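Me: I'm new to reading protein models. Can you walk me through this one and show me where the labels come from?

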Amino acid sequence: MIEITIIRHGETTWNVEGKVQGQADPPLTQNGVEQAFQLAEKFRDSLKEYSIIYSSERQRALKVAEILKNGSSLSIKIDSRLSSRSLGKFSGMTLDEVECDFPILYKKWRSGDATFIPPNGDSTADLIRITQKFLASIKALHNDGEKIIVITHRENLGILHYLITGKKMDDPLRNIKNCTPYVYQLT
């Protein structure tokens, strides 16, 4: 088994403002940077046990990966398959604004329909396919007993959880905390 520790990036300015991010790339807040340093402190003594850190290409994830690495010899591999999906016209809006401006689309989006595509965006089904390819490459590249870290985004973490465990997370839009490690065994 490969141990995979999956971590959502730190708090961003848009998290604070309640805005939908998608592939937009707002910076971490000072609190988000502090979350990353607290994460690095948790891993200070065990980081040498890991083979690599995989990170989304978005600055909010990559900054956390760099802080976590903290001068260690661990390499960071940027993998675009870990980036958020495009939420198109919804990006930069609050959920209330999306609901007000796109009431029918908002209901479809929030229904959990994986085939729903926001205007000019991508579907969850697309992200699931991309994430399956990422997991397949992890299985091909790493040996039993290896430990890896993945820094990604809320929806990506929820999908990884589902693909690894076969179970949905309880309300993944609210329960996935910033800079909190979720540890899984990948067989």
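Predicted model: local features only at pLDDT ≥ 70, side-chain atom pairs only at ≥ 80, totals over all residues.

Me: What makes the contact between Arg-129 and Asp-126 a salt bridge?

Reply: The closest N and O atoms of Arg-129 and Asp-126 are 2.4 Å apart, and the rule asks for within 4 Å, so the pair qualifies. Both residues lie in helix H6 (residues 124-141), three residues apart, about one turn of the helix. Salt bridges that share partners also join Glu-3, Glu-49 and Lys-147 into one network.

Me: Why can such side chains pair at all?

Reply: Side chains of opposite charge can pair when their charged atoms come close. Another example is Arg-44 with Asp-45, at 3.7 Å from N to O.

Me: How do you know whether Arg-58 is buried or exposed?

Reply: Buried means under 20% relative accessible area, exposed means over 50%, and partly exposed is in between (1.4 Å probe, protein chains only). Arg-58 has a relative accessible area of 14%, so it is buried. Its salt-bridge partner is Glu-57, at 4.0 Å from N to O. Glu-57 has 37%, so it is partly exposed. For the chain as a whole, buried residues make up 48% of the 187 residues.

Me: Which label does Asn-70 get, and why?

Reply: Asn-70 has 55% relative accessibility, so it counts as exposed. You'll find Asn-70 in the loop between helix H3 (59-69) and strand S3 (76-78). Its phi is near 45°, a positive value in a residue other than glycine.

Me: And what about Cys-179: buried or exposed?

Reply: Cys-179 has a relative accessible area of 5%, so it is buried. Cys-179 sits in the loop between helix H8 (172-175) and strand S5 (181-186). Phi of Cys-179 is positive too, near 55°.

Me: How do you know what counts as a helix or a strand?

Reply: They're DSSP runs, numbered from the N terminus: helices are H or I with at least four residues, strands are E with at least two. The protein chain comes to eight helices and five strands, in the order β-α-α-β-α-β-α-α-α-β-α-α-β.

Me: Why is the chain called as compact as a globular protein of its length?

Reply: The radius of gyration is taken over C-alpha atoms, and the globule rule is 2.2 Å times the number of residues to the power 0.38. The radius of gyration is 16 Å, close to the 16 Å that the rule gives for 187 residues, so the chain is as compact as a globular protein of that length. Its C-alpha atoms fill a box of roughly 50 × 35 × 25 Å along the principal axes.

Me: What share of contacts joins residues at least 24 apart?

Reply: Contact means heavy atoms within 4.5 Å. Among contacts between residues at least 6 apart in sequence, 70% join residues at least 24 apart.

Key
Residues numbered from 1 in each chain as written. Heavy atoms only, no water. Salt bridge = Lys/Arg side-chain N within 4 Å of Asp/Glu carboxyl O.
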